[in-house]
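Reader: Please show me the structure, and then let us discuss how its parts are arranged.

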2 protein chains.
Amino acid sequence: MNFIQSYYDPQYATCFGCGQANPQGLRIQSYWDGEFATCGHTPGPEQMAYPGVVYGGLIASLIDCHSIATAIAAAYQAEGRPMDSRPPIAYVTGNLNVSYLAPAPLGPELELKAWISQATPKKSVVQCELSAEGKLRARGETIAVRYLWAG
Amino acid sequence: MNFIQSYYDPQYATCFGCGQANPQGLRIQSYWDGEFATCGHTPGPEQMAYPGVVYGGLIASLIDCHSIATAIAAAYQAEGRPMDSRPPIAYVTGNLNVSYLAPAPLGPELELKAWISQATPKKSVVQCELSAEGKLRARGETIAVRYLWAG
């Protein structure tokens, strides 16, 4: 199974968070099992808030990009077609709400798990949990808005 | 007038968003006029969502760090003491809520303006607007939680 971002239209492959074509970006990879999307990401040492703790802006970025990928994968599934079919499905972030529950240690892999809690043709609401060392560190809710291609 | 982050305790000067000692970070600088805090930041070309548009994760990061700085500056003011007095005041992010209203063009400076909408001894609610080319692009609400020093 390939990761969701590998199916993104080349026009979107530049995203700092999830674009595989942005060499300075995070290049996260999200996997969809039909119900949940998961993603593992190990931050670089520069991504600190204070020594030993992951920067909250990175956590927000990871939740944002992973949740958008989740919305995309679920939308392909809802339309009964594979992720490499045309036209491509894209979403943009309308609202991002992150609750920081506990500091995330800098070093271990961060684990994200996301799912759709509500979906309409125009937007999806995505729930996301971010854990490290088996403990929940942050919770996110993202409103993903369907992006309609002009072409 | 010096910027708020220049008064941060060295322990916090490592933050990826606002730590002046993190050479790979954003090193944002926020200025407090007694009522509003302002910050200008010009993203690097790698900080794109798609070509010509600023990455939303960067916008969330800027709103987060600038809003925390705002909470800190306002707390010193409420206590009637300068920002270089001891003990240092620190806040962490409890919740970050960002609404993306319009794409922000990649290139021009992003302008942030923040203020306190509610404050208790334990936490402050910070409103933040992010504009580019004179137009509002995103709005943030941050719950900043007072961090109590162990020492």
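Predicted model: local features only at pLDDT ≥ 70, side-chain atom pairs only at ≥ 80, totals over all residues.

Reader: In β4(B), what is the bridge partner of B:H41?

Author: Strand β2 (residues 37-41) of chain B runs antiparallel to strand β4 (residues 110-119) of chain B, and five bridges join them. In β4(B), the partner of B:H41 is B:L110.

Reader: In chain A, what residue of β5(A) is the bridge partner of A:I116?

Author: Strand β4 (residues 110-119) of chain A pairs with strand β5 (residues 123-132) of chain A in the antiparallel sense, over nine bridges. In β5(A), the bridge partner of A:I116 is A:V126.

Reader: Which residue of β3(B) is the bridge partner of A:N95?

Author: Here the pairing runs between chains: β3(A) and strand β3 (residues 90-100) of chain B are antiparallel and share five bridges. In β3(B), the partner of A:N95 is B:S99.

Reader: Which strands stand at the edges of the sheet, and why is one side of each left without a neighbour?

Author: Twelve strands form an open antiparallel sheet, in the order β1(A)-β2(A)-β4(A)-β5(A)-β6(A)-β3(A)-β3(B)-β6(B)-β5(B)-β4(B)-β2(B)-β1(B). The twist averages 25° from one strand to the next. Each edge strand has a single partner, so one side of it lacks a neighbour in the sheet; these strands are β1 (30-32) of chain A and β1 (30-32) of chain B.

Reader: At about what angle does α1(A) run to β4(A)?

Author: Helix α1(A) lies across β1, β2 (37-41), β3, β4, β5 and β6 (135-147) of chain A, together with β3 of chain B. Its angle to β4(A) is about 50°.

Reader: What angle does the direction of α1 of chain B make with that of β4(B)?

Author: Helix α1 (residues 56-78) of chain B packs on the sheet. The helix touches β3 of chain A together with β1, β2, β3, β4, β5 and β6 (135-147) of chain B. The angle between its direction and that of β4(B) is about 50°.

Reader: Which element gives the largest share of the side of chain A that touches chain B?

Author: In the interface, 31 residues of chain A are in contact with 31 residues of chain B. The elements of chain A that give two or more residues to this side are α1 (56-78) and β3 (90-100). By class, the side has 14 nonpolar, 15 polar and two charged residues. The largest share, eight residues, comes from β3(A).

Reader: How do the residues of the contact of α1(A) with α1(B) divide by class?

Author: The axes of α1(A) and α1(B) come within 8 Å and cross at roughly 145°, and the crossing is right-handed. The contact is made by A:G56, A:G57, A:A60, A:S61, A:D64 and A:C65 of α1(A) and by B:G56, B:G57, B:A60, B:S61, B:D64 and B:C65 of α1(B). These residues divide into four nonpolar, six polar and two charged.

Reader: Which residue of chain A comes closest to the rotation axis?

Author: Chain A can be laid on chain B with an RMSD of 0.0 Å by a turn of 180° and a shift of 0.0 Å along the axis. The two copies are therefore related as by a two-fold rotation axis. The same surface serves both copies, as 100% of the contact residues of chain A recur in chain B. The residue of chain A that comes closest to the axis, at 2.1 Å (C-alpha), is A:N97.

Terms used: Residues numbered from 1 in each chain as written. Chains lettered and ligands numbered in written order. Contact = placed C-beta atoms within 7 Å. Helix = DSSP H or I, 4+ residues; strand = E, 2+ residues; numbered from the N terminus. Nonpolar A, V, L, I, M, F, W, Y, C, P; charged D, E, K, R; others polar. Pairing = 2+ DSSP bridges. Axes fitted to C-alpha atoms, helices over the stretch in contact; angles between N-to-C directions. Least-squares fit on C-alpha atoms with pLDDT ≥ 70 in both. Left-handed = near helix turned anticlockwise from the far one by under 90°.
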